[in-house]
Amino acid sequence: MMFWLSFLFLLSIIAINDVVALVVADAKRIPSTLDGPFDPVTVPYDVSLRGNAVDLPDTDPRVLRRVKGFEPEQISVSLSVSYDSVWISWVTGEFQIGNNIKPLNPNAVASLVRYGRSRFPLTHEAIGYSLVYNQLYLFEGLKNYTSGIIHHVRLTGLKPSTLYYYRCGDPSISAMSDIYHFRTLPTSGPRSYPKRIAVVGDLGLTYNTTDTISHLTRNNPDLVILVGDVTYANLYLTNGTGSDCYDCSFPDTPIHETYQPRWDYWGRFMQSLISKTPIMVVEGNHEIEEQAGNQRFVAYSSRFAFPSKESESSSTFYYSFNAGGIHFIMLGAYIAYNKSAEQYKWLERDLAKVDRSMTPWLVAAWHPPWYSSYKAHYKEAECMRVEMEELLYSYGVDIVLNGHVHAYERSNRVYNFTLDPCGPVHITVGDGGNREKMAIEHADETGNCPEASSTYDMYMGGFCAKNFTSGPAAGKFCWDRQPDYSAFRESSFGHGILEVKNETWALWTWYRNQDSNTKVGDQIYIVRQPDICPVHHTLPKRWFADS
């Protein structure tokens, strides 16, 4: 008897050791930036993966209004600057669209959240503010829009890594939501990180979008980063007629129209995820949405809560926050970013205050990529790169997250178009699923190099893109092969997951919509090397002069 017990025990030890060996072997198969720079890889485009880039109709059950009166809908959570505070946002009342709209009174309904660490009773209460926004067009035949009442309430004094329950609404008129929940992020520290951060861009609201969000949700993220282009409401006329290409289908409209109800549809569809998982958004070009009075970005700035004031920013277009031991900086590509602009001065101040002993990781996000090898939007953001790259590099930004280009691409560590072991890894995830479909052409392919004059963009400072001055592409506007800075690229819909393991190692995984949850499209450990890449520790001299 003892013999067989000993034999079984021995087998169990062997089995455990085999499992450990497999795990270690699997970990060894995942490359790290220490192995780079990598030879460029392009995954061939699979035409069958174009998918259903068709918007959900307004009759889809997932976008219908299901509440009554002034009951809350489109409920979402977003972060303040640290773990101890979050924002709860929602909408009450119905939007109106037409020629004779009458805005709701935002003061007619209270903005109140009851919350606590137990479902019953919800022992804490917070009051916030509310607003209504309009999208107005002063042209005959165009329909105007006025939103429901949008509420934003900030909860404070929260404990880290703690589950909280909440209800929002106005109890005085029996218009309270069901009970929802969220979990706060961990405290800042070198060994304190969210388990998983989802990164997605250029979502829209198509059937591909639903696949992306379903896949993302199954990865159970603690935080969602949306790097711009939210609803694509500006691919529509005010009468609800939409197109994959606005300028192609509607070249003669007196102003670039939008169909604002798409924002409401998006908020309803996303509620099941973002009512429990915080979402942080930065603006994209599809949020510009020009209207009467030369106003822009009104829906974007009204519908989301931003920690602008808490991070000492004067704008919804740029702000920062901590997620455990990660400091995130969200930047605006469609407002002034030159060295004399307020955004640049704010960025200097924010970077100078980062304590890398508490938040070792520094991640920056904005919409259009600086390093993309696709034909679409090639070198479009050069003006922003010329102004801001040196500052971000001097403070040791580790990772840059972008969208805009409707494909996936990961760079080698790069600075000023030169491979640099201290440069950040740039990741483009503009493949969330919107109806404009995927980018599939590369600028380095024969006949695909854009004319330099095509990179002008009036929203991003004019024209800065020039021919390369050194390296294999010297004297040319495009490479004649996949650029050295481009490590991996593929045209498929999907999303990314960032898992920071400790103060120097983070696992980045890109998932394709067509794959199972366990299969990855791209994966790499991003490794910080503070010993060989020292970072800025003092305030720039010009900050003292300008502050």
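Select serine 174: it is exposed, with a relative accessible area of 65%. Exposed means over 50% relative accessible area, buried means under 20%, and partly exposed is in between (1.4 Å probe, protein chains only). Serine 174 lies in the loop between β11 (163-170) and β12 (175-176). Helices (H or I, at least four residues) and strands (E, at least two) are DSSP runs, numbered from the N terminus. Check the backbone of serine 174: phi is near 55 degrees, a positive value in a residue other than glycine. Most residues other than glycine have a negative phi, and most peptide bonds are trans.

Before moving on, note that this is a predicted model, where local features need pLDDT of at least 70 and side-chain atom pairs count only at pLDDT 80 or more, while totals for chains, interfaces and linings use all residues. Residues are numbered from 1 along each chain as its sequence is written, and side-chain values use heavy atoms, with hydrogens and water left out.

**Next: histidine 404**

Is histidine 404 buried or exposed? Histidine 404 is buried, with a relative accessible area of 3%. Find it in the loop between β20 (399-402) and β21 (408-411).

**Two cis bonds**

Select glycine 36 and proline 37. The peptide bond between them is cis, with omega near 0 degrees. Proline 37 sits in the loop between α1 (2-29) and β1 (41-42). Now go to phenylalanine 120 and proline 121. A cis peptide bond joins them too, with omega about -10 degrees. Proline 121 is in the loop between β5 (112-116) and β6 (124-127).

**A pair of helices**

Show helix α2 (residues 207-218) and helix α4 (residues 261-274). Their axes come within 11 Å and cross at roughly 10 degrees. That makes α2 roughly parallel to α4, a label for angles under 35 degrees. Axes are lines fitted to C-alpha atoms, for helices over the stretch in contact, and angles run from 0 to 180 degrees between N-to-C directions.

Which residues meet here? Thr210, Ile213, Leu216 and Thr217 in α2 meet Phe269, Met270 and Leu273 in α4. Contact means heavy atoms within 4.5 Å.

**Arginine 385**

Jump to helix α7 (residues 382-394) and pick arginine 385. Arginine 385 is buried, with a relative accessible area of 7%. Leaving aside neighbours within four places in sequence, it is in contact with Trp370, Tyr371, Asn416 and Phe417. A polar contact of 3.2 Å joins the side chains of arginine 385 and asparagine 416. A polar contact is a pair of N or O atoms within 3.5 Å; within protein, one must be able to donate a hydrogen and the other to accept it, and residues adjacent in sequence count only if both atoms are side-chain atoms.

**Last stop: serine 486**

Select strand β25 (residues 486-490), where serine 486 lies. Serine 486 is buried, with a relative accessible area of 0%. Its side chain makes polar contacts with the side chains of glutamate 409 (2.6 Å) and glutamine 482 (2.9 Å). Finally, show asparagine 412. Serine 486 and asparagine 412 are 74 residues apart in sequence and 6.1 Å apart in space, C-alpha to C-alpha.

How values were computed
Angles under 35 degrees count as roughly parallel, over 145 as roughly antiparallel, 65 to 115 as roughly perpendicular and the rest as oblique.
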